[in-house]
Amino acid sequence: IKWSYRIGFKATLEYASVQIAKSIPWMRKKINADILKEKEKTRIQCEKDWNDLLEPSAHENRHLSLPPNKTSFSDLLTLLKKWSLSESSLWDNGQASGAIYHGG
């Protein structure tokens, strides 16, 4: 492994150590198990955070396909205003939804 000034000696040493550990079968199993455990914890936390953003009544009204009938303009506008107020209150308190728009 070539040491790189760009990432530093410590990072290069850590990377090399992990690669060596992965070459040992029982260590590879342990590393993979730890990775899977962390992925599951992250998935659960993301799902919890997402569910916390939704109102309890929204859980019952999830739409996984297009509705058979169109939504009226006034109903849609009311819903968008409600979501906007919710997001605005978060924004005013220094939070953001996490969505990123790249216009370029």
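## Helices, surface and salt bridges

Leucine 80 lies in helix H4 (residues 73–92), where helices are DSSP runs of H or I with at least four residues, strands are runs of E with at least two, and numbering starts from the N terminus. This is a predicted model, in which local features need pLDDT of at least 70 and side-chain atom pairs pLDDT 80 or more, whereas totals for chains, interfaces and linings use all residues. Residues are numbered from 1 along each chain as its sequence is written, and side-chain values use heavy atoms, leaving out hydrogens and water.

The protein chain has four helices and zero strands. At 43% relative accessibility, leucine 80 counts as partly exposed, a class between buried (under 20% relative accessible area) and exposed (over 50%), with a 1.4 Å probe and protein chains only. Of the 104 residues in the protein chain, 6% are buried. Just after H4, glycine 94 takes a positive phi of about 90°.

The structure holds three salt bridges, each defined as a side-chain nitrogen of Lys or Arg within 4 Å of a carboxyl oxygen of Asp or Glu.

| Salt bridge | N to O distance |
|---|---|
| Lysine 30 and aspartate 34 | 3.1 Å |
| Glutamate 38 and lysine 41 | 3.2 Å |
| Arginine 43 and glutamate 40 | 2.5 Å |

Lysine 30 and aspartate 34 are separated by about one helical turn because they are four residues apart in helix H2 (residues 25–53). Arginine 43 and glutamate 40 also both lie in helix H2, three residues apart.
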